[in-house]
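Please look through the sequence and the structure shown here before reading on.

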Amino acid sequence: MANQRVARALDSMRSPDPEIRAQGFDFLREHADAYVGDIADAFGEEQDDELRCLLLELVAEARSPGALELLAAQLDSEDESLRFWAVRGLEMLDSAAARQALHRARVNGWIA
């Protein structure tokens with residue numbers, strides 16, 4: 001990972017210590033808009049389902065138009081938590097493209 005601050009925060013989020021995990025998450029949440037690309041890349045590489053969900057939450061919180069494709073791709077995920085954050089992120093984007101993605105997902109029966 002190119003950004004060392006993001007890499008350290010991700011390492012913290014993998015810690016067995018809940019306080020350290022929370023510190024890593026909180027750092028990324030505070031800076032999600034600045035690091036959305038790095039967070040999205042980490043989401044694509046991550047194998048742990050719980051961490052993937054947290055990373056998608058951070059992507060959603062970033063409210064970045066650049067995250068549209070990633071969020072839309074998770075609308076048909078088998079993981080309900082990923083679908084939730086995908087919907088939430090697209091709703092927060094509140095753009096025509098985000099609304100279209102949500103509409104397609106409803107028509108296809110992926111979300112209610």
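Contact, in this text, means heavy atoms within 4.5 Å. The model is a predicted one, in which local features need pLDDT of at least 70 and side-chain atom pairs count only at pLDDT 80 or more, while totals for chains, interfaces and linings use all residues. Residues are numbered from 1 along each chain as its sequence is written, and side-chain values use heavy atoms, with hydrogens and water left out.

Ser 15 lies in the loop between helix 1 and helix 2, where helices are DSSP runs of H or I with at least four residues, numbered from the N terminus. When its neighbours within four places in sequence are left aside, Ser 15 is in contact with Ile 20 and Arg 21. Is Ser 15 buried or exposed? Its relative accessibility is 13%, so Ser 15 counts as buried, given that buried means under 20% relative accessible area, exposed over 50%, and partly exposed in between, with a 1.4 Å probe and protein chains only.

From there the reader can turn to helix 3, which covers residues 32–45 and has a kink of about 40° centred on Asp 38. The bend at a residue is the angle between axes fitted to the seven residues ending there and the seven starting there. Asp 38 is also one of the buried residues of helix 3, and the others are Ala 32, Tyr 35, Val 36, Ile 39, Ala 42 and Phe 43. Which helices do the buried residues of helix 3 pack against? They pack against helix 1 (4–13), helix 2 (18–30), helix 4 (49–62), helix 5 (68–73) and helix 6 (80–93).

Phe 43, one of those buried residues, leads on to two further parts of the picture. The charged end of Arg 52 sits over the ring of Phe 43, 4.1 Å from its centre, a description used if NZ of Lys or CZ of Arg is within 6 Å of the ring centre and within 35 degrees of the ring normal. Phe 43 and Arg 52 are also among the contacts of Gln 74, which, leaving aside neighbours within four places in sequence, include Leu 56, Leu 82, Arg 83 and Ala 86 as well. Gln 74 is found in the loop between helix 5 and helix 6, and because its relative accessibility is 12%, Gln 74 counts as buried.

The structure holds two aromatic pairs. In one of them, the rings of Phe 84 and Trp 85 have their centres 5.0 Å apart and their planes at 85°, so the pair is edge-to-face; rings of Phe, Tyr and Trp (its six-membered ring) pair if their centres lie within 6.5 Å, and planes under 30 degrees apart count as stacked, over 60 as edge-to-face and the rest as tilted. Phe 84 counts as partly exposed at 49% relative accessibility, whereas Trp 85 is buried, with a relative accessible area of 15%.

How many salt bridges does the structure hold? There are four, a salt bridge being a side-chain nitrogen of Lys or Arg within 4 Å of a carboxyl oxygen of Asp or Glu. In helix 2, Arg 29 and Asp 26 lie three residues apart, about one turn of the helix, and their side chains meet in a salt bridge of 2.7 Å, N to O. An α-helix has 3.6 residues a turn, so residues three or four places apart point the same way. Arg 29 is partly exposed at 42%, and Asp 26 is partly exposed at 29% relative accessibility.

Asp 11 forms a salt bridge with Arg 14, with the closest N and O atoms 3.7 Å apart; Asp 11 is exposed, with a relative accessible area of 51%, while Arg 14 counts as partly exposed at 44%. Arg 99 forms a salt bridge with Asp 94, and here the closest N and O atoms are 3.0 Å apart. Elsewhere, salt bridges that share partners join Asp 11, Arg 14 and Glu 46 into one network.

Asp 94 has its place in the loop between helix 6 and helix 7 (96–107), and its phi is positive, about 50°, although Asp 94 is not a glycine. At 54% relative accessibility, Asp 94 counts as exposed. Another positive phi in a residue other than glycine belongs to Arg 63, with a value near 55°. Arg 63 is placed in the loop between helix 4 and helix 5 and counts as partly exposed at 46% relative accessibility.

Note on methods
Helix = DSSP H or I, 4+ residues; strand = E, 2+ residues; numbered from the N terminus.
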